[in-house]
Amino acid sequence: MGTPRDSREEQVTVVLDRLYEAYPDTTISLNFSNRLELLVAVVLSAQCTDERVNDVTETLFEKYQTAEDYANADEAELADDIYGITFHNNKAGYLTSMGETLVEEHDGEVPDTMSALTDLSGVGRKTANVVLQHGHDVVEGIVVDTHVRRLSRRLGLTAEETPEKIERDLMGVVPESDWQQFTHLLISHGRAVCDARNPSCDDCVLEDVCPSSKLDHDVDLASGEAW
Ligand code: SF4
């Protein structure tokens, strides 16, 4: 079928209802036990899988336990300690610089504002949103990662292209109380069913409302190109 609801607000409602039912317990899949670990894990997860990050942080978090540990780390040794993570050399640089800023400007603590977080090395708005939501219980926006970008466009929830514009656009149609779970629901569905190259439209709980459904649409709205 693949017929979206008349308005984006109604489309959001049906998407949320169905995905809450399909993934009732979904949440962040990175492992952490405090705010610093969360921040480090999210920085490492950029363009890398959460599984890989969790593998590496299992030992990393035993060796580096405070902001000082990162600030004083030998960058080459730290790069070695996160070997296996995408762009591990760059990220080792981010972590040492981040550690220095945390020590010098925040008493070694992870700050709780968007502006202070995005001033840290390697921290953009997406990372800051995750840290605010899961470290400080502050929900200031919607985390837009590659899954959220792809599914929001496929499902006709936004036509914007950049994560920043998509976030702003979605904040106008997704109820604020759902901002945090919206991300996790779309990520879960993106991983389980609606993957980038070969989505399983046959098995999708959103097929009847999806304007990109392969069953009766020729174009993938995520890319704007033919399936
Ligand atoms: S799996 Fe297919 S029908 Fe379901 S949301 Fe993705 S593109 Fe749409």
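**Helix packing and a ligand shell in a predicted model**

Good morning. With 8 C-beta neighbours inside 10 Å, Ser-115 counts as exposed, because the exposed class takes residues with 12 or fewer such neighbours.

Ser-115 belongs to helix α7, which covers residues 114-118. Between the C-alpha atoms of Ser-115 and Ala-128 the separation is 8.7 Å, and these two residues are 13 apart along the chain.

Ala-128 leads us to helix α8. The buried residues are Lys-126, Thr-127, Ala-128, Asn-129, Val-130, Val-131, Leu-132, Gln-133, His-134 and Gly-135. Among the elements that cover them are α2, α7, α10 (163-171) and α11 (179-192). After α8 comes Asp-137, which has a positive phi, near 55°.

Let us consider α2 first. The axes of helix α2, residues 35-45, and helix α6, residues 88-106, come within 10 Å and cross at roughly 155°. An angle over 145 degrees counts as roughly antiparallel, and α2 and α6 are therefore roughly antiparallel to each other. The crossing of α2 past α6 is right-handed. Which residues make the contact? On α2 they are Val-40, Val-43 and Leu-44, and on α6 they are Lys-91, Tyr-94 and Leu-95. By class, this contact has five nonpolar residues, one charged residue and no polar ones. As a general point, an α-helix has 3.6 residues a turn, so residues three or four places apart point the same way.

We turn now to α11. Helix α9, residues 146-154, packs with α11 at an angle of about 85°, and their axes are 8 Å apart. This angle makes α9 roughly perpendicular to α11. From α9, the residues His-147, Val-148, Arg-150, Leu-151 and Ser-152 meet Thr-183, Leu-186, Ile-187, His-189, Gly-190 and Arg-191 of α11. By class, the contact of α9 with α11 has four nonpolar, five polar and two charged residues.

Finally, I come to the ligand. How many residues surround the ligand? There are 14, and the closest are Cys-194, Pro-199, Cys-201, Cys-204 and Cys-210. By class, the shell around the ligand has eight nonpolar, three polar and three charged residues.

Thank you for your attention.

Conventions
Residues numbered from 1 in each chain as written. Predicted model: local features only at pLDDT ≥ 70, side-chain atom pairs only at ≥ 80, totals over all residues. Axes fitted to C-alpha atoms, helices over the stretch in contact; angles between N-to-C directions. Helix = DSSP H or I, 4+ residues; strand = E, 2+ residues; numbered from the N terminus. Parallel < 35°, antiparallel > 145°, perpendicular 65-115°, else oblique. Left-handed = near helix turned anticlockwise from the far one by under 90°. Contact = placed C-beta atoms within 7 Å. Nonpolar A, V, L, I, M, F, W, Y, C, P; charged D, E, K, R; others polar. Near = placed C-beta within 6 Å. Buried ≥ 20, exposed ≤ 12 C-beta atoms within 10 Å, placed from the backbone.
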